[in-house]
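Subject: Structure handover and what was found in it

Dear colleague,

Please find the structure below, handed over to you together with some notes. Please read the notes with the structure open beside them.

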Amino acid sequence: MAYDIPLFNLNFDEREAEAAAATIRSGWISTGPKCAELEKMFVDMFHVGYAVSVTNCTDALHLCCLVCGIGPGDEVLCPSLTFAASVNCIRYVGATPVFCDIVGPEHINIDPKDIERKITPRTKAIVVVHMAGFPAKMDEIMAIARKHNLKVIEDACHGPLSEYKGKKLGTIGDCASFSFFSNKNISTGEGGMFISNNKEMADRARLLRSHGMTTMSYQRAGGHATSYDIVELGYNFRLDDIRASIAIEQLKKLPGDLKTRIHVRERYLKGLSKVKGVIVPFADNTEFTSNYIMPIVLTDSTKEHRDAIREKIHAAGIQTSVHYPAIHKFSIYKDFNAVLPQTEYVTDNEITLPMYAALTDEQIDFIVKTVDQAING
């Protein structure tokens, strides 16, 4: 069905179209000057040492695992309340994911206490996902990592320009990933970015993203090199200049878009505070965040009740989603036998409401009223 109020909207206009067209007219469409320009923008805007553009966030996460030296026999602590890529990347390098619970419905990020409980002699790293763009408890997590000599990988795909105590998400751990998927704050259809303050990690990520080659086509075409060597078994994780040119325009818009999203969330919080039976995760957050999605969690509920509430909201012309089904419940991960009561309650009772800068006050008020009637009417 077509929804009167969709879950998200694509923040595109003639600027993205012209940027893509100009890149096509330039005669260079694969990895080249636009990717380099985008990487420089990330370095400047995120106050990070190094940025490497890649085909998608999944490949960025894969690179994170590789440059952190994770491999067979290692265990990596991770949440189950996330998209599958945050865990699949651990399997790509032959390591074992160890699922950790979340703090609870009010803070749906990984629980540092459960992280500490599940550390073993085989633990090599922690994957932290900043759900909805809101920061995990990074001071506690980093203290645990230092105590046990663990690497920290930030999956920051929900949080471009989000902050934690004055630092951009993705710049606190050893390395991080961002997504440019079609429904993200920065959208190019597909695409992603690896970032790190560690030069050795960034250099290796750059090498691995293009077959382990010592020079790339653009360097050779520009006369900066005439040959190349392959020094490591690499991959084809390169972003192309067409999508990079779109990402550049999206990044230019991002600060203004996020500023408007703050108002949207504040309007939601004001209305939802009067709705019985609803918890808004991160309601007490005071950090600057991307407000990527607008999750709510039903209280004293069941999955069947949640699904019935969603149907009532849909009937009013409002699209919703679920972020996310629990990964440890998927067939491929059932044999890991994870028991995560907080995660399971949230994944069974979470509803994602529409969130984007173009939402009007009237639309937000209508969504809140519809949610209230669906639950309490």
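The largest cavity has 16 lining residues, and N9, N11, K184, N185 and R261 are the ones that lie nearest its centre. A cavity here is a set of points, on a 1 Å grid over the protein atoms alone, where a 1.4 Å probe fits but cannot get out, while a pocket is an open set with protein on both sides within 12 Å along at least five of seven lines; lining residues have an atom within 4 Å of a point. The space in the largest cavity comes to about 130 Å³, where a volume is the space filled by probe spheres set on grid points that are joined across faces, edges and corners. One cavity of 30 Å³ or more is found when the whole structure is searched. The lining of the largest cavity is made up of five nonpolar, seven polar and four charged residues, with Ala, Val, Leu, Ile, Met, Phe, Trp, Tyr, Cys and Pro counted as nonpolar, Asp, Glu, Lys and Arg as charged, and the others, Gly among them, as polar.

Please keep in mind that this is a predicted model, in which local features need pLDDT of at least 70 and side-chain atom pairs count only at pLDDT 80 or more, whereas totals for chains, interfaces and linings use all residues. Residues are numbered from 1 along each chain as its sequence is written, and side-chain values use heavy atoms, with hydrogens and water left out.

The largest pocket has a volume of about 350 Å³, and among the 26 residues that line this pocket, F83, S179, F181, K184 and Y324 lie nearest its centre. The elements that give two or more residues to this lining are α3 (57-67) and α4 (85-92), and α3 gives the most, with three residues. Helices (H or I, at least four residues) and strands (E, at least two) are DSSP runs, numbered from the N terminus. By class, the pocket lining divides into 13 nonpolar, 10 polar and three charged residues.

Strand β6 (residues 123-129) is mostly covered, since six of its seven residues are buried, where buried means under 20% relative accessible area, exposed over 50% and partly exposed in between, with a 1.4 Å probe and protein chains only. Two strands pair if DSSP finds at least two bridges between them. Strand β2 (residues 75-79) runs parallel to β6 and is joined to it by three bridges, with E75 standing opposite T123. On to β7 (residues 151-155), which also runs parallel to β6, there are five bridges, and V127 has I153 as its bridge partner.

The salt bridges come last, each being a side-chain nitrogen of Lys or Arg within 4 Å of a carboxyl oxygen of Asp or Glu, and the count comes to 25. In helix α2 (residues 33-46), E37 and K34 lie three residues apart, about one turn of the helix, and they form a salt bridge whose closest N and O atoms are 3.3 Å apart. E116 forms a salt bridge with K147, with the closest N and O atoms 3.4 Å apart. Because E116 lies in helix α5 (residues 112-117) and K147 in helix α6, this pair ties together parts that are 31 residues apart in sequence. E116 counts as partly exposed at 31% relative accessibility, whereas K147, at 62%, counts as exposed.

With best wishes
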